[in-house]
Amino acid sequence: MVVPSLPGFGFSTPLRVDGLQTSKGVDMWADLMTDVLGYDRFAAAGGDFGAMMSGTLGARYPDRVLGVYITLPSLPALSVPDNVPEPGSTSQLVGMLMGPAMRTSPDDFAPEERHRYGVMEDRWKTALSHIAVHTTDPQTLAFALHDSPAGLASWLVERRRNWSDNEGDVEEAFSRQFLLDTVSIYWFTESFVTTSRWYWHTFRTPPQAVPDPEAARQVPFGMPVFPKEMIFVPRAAAEATANVIHWTEHPRGGHFAPSEVPDVFTDDVRAFFRKLR
C-alpha cells in the first residue's frame, strides 16, 4: 500500500515550486506508481481531494488503474463542455460554491435517497466560507494562521466538527489526541501556507479532456455513502456516469469517514477490491 502526501501538505514539505494543483498532482501520482515505484497496474482510493484525484487517475490512465474507490462522490467529467466558465471567473466560483445544489434537485434522487438532498444543502452551508477564502485570497488567511497555533487549531478542528458525524461534540468522532496530531502535522511542518494554495491553483486550471472516454468508462468504481458526507449524488446518476460495481450505504460516518469509522472504511475498501482480483 502506497500513501502519497499531496505536494505542500505535511509530509511533502517544503514545497519549492509554485502552481501545483489537482490535475498536475494526478500526473505526478501516476508517474510515482509506475515510473518511480515500478508497478504496471495499481488501484486508487481517497476522499476529498484524494477522491477527485483518484477518480481522475482512473479516467486519465485507465490502462494503469485497476479500480477506484472514493468516499466523496467526485466523478470525473469524461468530456469538456463547450460553455466552461473562464478559470477564476465569478461564474466558476458560484458553480464551485453552489455546485451540488445547482446540479441536482430533490427529484433527481430516488424516493429512498431523497432525504440526502436536504442533508447536503444543510451541510454545504458550513463549507461556503472555507471554499470562498481558499479559492480567492488564501494567502491572507495563511499568514494569519501561520503565526497562530490557536488560530490554526480553530480552523482545522472546526471543519472536523462541522463535517463529521457527531451531535455538536467533535470528540464524538475523533479523539483529542487525533485532533492534536492533525494540527501538529500542519504546525510543525509550517505547511498551511502551501496547502492553502491548492484550491487557488486548482480553481484556475482549465479542465482537460480525457484521452479515451470509452476506456475510462470501463474502470470499476466503488462508492460508499456515509450519512453525514458533504456531497451526495443520486445512485442512478453515478451509475450512468461511471462503472459503479460497488455501492454501499453505511449507518455512520461523515466527510472524514476513514478517520471517523476506520473499521467500516477498511472493511468496505477490502470488499470492493476483492471484486477486482
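Q: Is Asp-18 buried or exposed?

A: This model is predicted. Buried means under 20% relative accessible area, and exposed means over 50%. Asp-18 has a relative accessible area of 55%, so the residue is exposed.

Q: Which side chain meets Asp-18 in a salt bridge?

A: A salt bridge needs a side-chain nitrogen of Lys or Arg within 4 Å of a carboxyl oxygen of Asp or Glu. Here the partner is Arg-197, at 3.4 Å from N to O. Arg-197 lies in helix α10 (residues 197-203) and Asp-18 in the segment before α1, so the pair ties together parts 179 residues apart in sequence. Arg-197 counts as partly exposed because its relative accessibility is 21%.

Q: How many salt bridges does a search of the whole structure find?

A: The search finds nine. One of them joins the side chains of Lys-228 and Asp-165, at 3.8 Å from N to O. Lys-228 sits in the loop between β3 (220-225) and α12 (235-241), and Asp-165 in the loop between α7 and α8, so this pair ties together parts 63 residues apart in sequence. Lys-228 is partly exposed, at 25% relative accessibility.

Q: Where do Glu-214 and Arg-217 lie?

A: Both are in helix α11 (residues 213-217). They are three residues apart, about one turn of the helix. Arg-217 has 35% relative accessibility and counts as partly exposed.

Q: Which residues are linked in a network of salt bridges?

A: Glu-113, Arg-116 and Glu-249 are linked in this way. Arg-116 also belongs to helix α4 (residues 115-124), where it is buried.

Q: Which residues of helix α4 are buried?

A: They are Arg-116, Tyr-117, Met-120, Arg-123 and Trp-124. Seen down the axis of α4, these buried residues fall within an arc of 140°, so they line one face of the helix.

Q: Which members of the largest nonpolar core touch the most other members?

A: Start with the general idea. In soluble globular proteins, nonpolar side chains tend to be buried together. The largest nonpolar core here has 54 residues, and Leu-57 and Phe-192 touch the most other members.

Q: Leaving aside neighbours within four places in sequence, what is Leu-57 in contact with?

A: Leu-57 is in contact with Val-26, Trp-29, Ala-30, Phe-42, Ala-44, Pro-62 and Val-65.

Q: Which residues does Val-157 touch, not counting those up to four places away in sequence?

A: Val-157 touches Val-170, Leu-179 and Val-183. Its place is in helix α7 (residues 149-163). The C-alpha atoms of Val-157 and Leu-179 are separated by 6.9 Å, while the two residues are 22 apart along the chain. Val-157 counts as partly exposed, at 24% relative accessibility.

Q: Is Thr-182 buried or exposed?

A: Thr-182 is buried because its relative accessibility is 11%. The residue is in helix α8 (residues 176-189). Not counting residues up to four places away in sequence, Thr-182 touches Leu-156 and Arg-160.

Q: Which residues make a nonpolar surface patch of about 350 Å²?

A: Patch residues need over 30% relative accessible area and no salt bridge. Val-2, Val-36, Leu-37 and Tyr-39 make this patch. Leu-37 lies in the loop between α1 (22-36) and β1 (42-46). At 40% relative accessibility, Leu-37 is partly exposed.

Technical notes: Residues numbered from 1 in each chain as written. Predicted model: local features only at pLDDT ≥ 70, side-chain atom pairs only at ≥ 80, totals over all residues. Heavy atoms only, no water. Patch = residues over 30% accessible without salt bridge, like charges linked within 9 Å, V, L, I, M, F, W, Y side chains within 5 Å. Areas by Shrake-Rupley, 256 points an atom, 1.4 Å probe, with all protein chains shown as cover. Helix = DSSP H or I, 4+ residues; strand = E, 2+ residues; numbered from the N terminus. Buried < 20%, exposed > 50% of the residue type's maximum accessible area, 1.4 Å probe, protein only. Core = buried A, V, L, I, M, F, W, Y, C linked by side-chain atoms within 4.5 Å. Contact = heavy atoms within 4.5 Å. Arc of directions from axis to C-beta.
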